[in-house]
Amino acid sequence: MICFALYSAQHAMQQAYAELLEDLGLTYPQYLVLLVLWERDGVRVGEVGERLMLETSTLTPLLKRLEALGLVTRMR
């Protein structure tokens with residue numbers, strides 16, 4: 001039942017981070033996006049999606065929220 005063990009560990013990690021990120025007003029997915037962007041500036045949305053295994057349609061609203069918070073700047 002390794003799949004359940006992995007699921008449980010991932011869920012526990014998300015919960016632990018959620019509590020820490022709450023004070024910053026961030027969600028866990030937003031935090032992951034910021035980690036990708038922290039590693040390198042000028043990353044395209046598609047590359048962020050590839051790194052996090054997320055679709056562009058999922059990332060766009062998330063990036064808009066981060067931009068509204070003043071945490072990222074989106075450029076064409």
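Colleague: Why does Arg 74 count as partly exposed?

Modeller: The relative accessibility of Arg 74 is 38%. Buried means under 20% relative accessible area, exposed means over 50%, and partly exposed is in between (1.4 Å probe, protein chains only). Since 38% falls between those limits, Arg 74 is partly exposed. This is a predicted model, in which local features need pLDDT of at least 70 and side-chain atom pairs count only at pLDDT 80 or more, while totals for chains, interfaces and linings use all residues. Residues are numbered from 1 along each chain as its sequence is written, and side-chain values use heavy atoms, with hydrogens and water left out.

Colleague: What makes Glu 67 and Arg 74 a salt bridge?

Modeller: Their side chains meet at 3.0 Å, N to O. A salt bridge needs a side-chain nitrogen of Lys or Arg within 4 Å of a carboxyl oxygen of Asp or Glu, so the 3.0 Å pair qualifies. Glu 67 is partly exposed as well, at 31%. The structure holds three salt bridges. In another, the closest N and O atoms of Glu 47 and Arg 40 are 2.1 Å apart; Glu 47 has a relative accessible area of 27% and Arg 40 one of 42%.

Colleague: How do you know that the pair of Arg 51 and Glu 39 links distant parts of the chain?

Modeller: Arg 51 belongs to helix H3 and Glu 39 to helix H2, twelve residues apart. Helices are DSSP runs (H or I, at least four residues), as are strands (E, at least two), numbered from the N terminus. The protein has four helices and zero strands. The N to O distance between Arg 51 and Glu 39 is 2.7 Å.

Colleague: Why is the aromatic pair of Tyr 17 and Tyr 28 called tilted?

Modeller: The rings are 5.6 Å apart, centre to centre, with 55° between the planes. Rings of Phe, Tyr and Trp (its six-membered ring) pair if their centres lie within 6.5 Å; planes under 30 degrees apart count as stacked, over 60 as edge-to-face and the rest as tilted. Tyr 17 lies in H1 (residues 2-22) and Tyr 28 in H2 (residues 28-39), so the pair ties together parts eleven residues apart in sequence. Ring pairs link Tyr 17, Tyr 28 and Tyr 31 into a cluster.

Colleague: What makes up the largest nonpolar core?

Modeller: Twelve residues, among them Leu 21, Val 33, Leu 52 and Leu 66. A nonpolar core is a set of buried Ala, Val, Leu, Ile, Met, Phe, Trp, Tyr and Cys residues joined through side-chain atoms within 4.5 Å. Helix H4 gives the largest share, four residues. Buried residues make up 18% of the 76 residues in the protein.

Colleague: What makes Phe 4 count as exposed?

Modeller: At 53%, Phe 4 is over the 50% limit, so Phe 4 is exposed. Phe 4 lies in helix H1.
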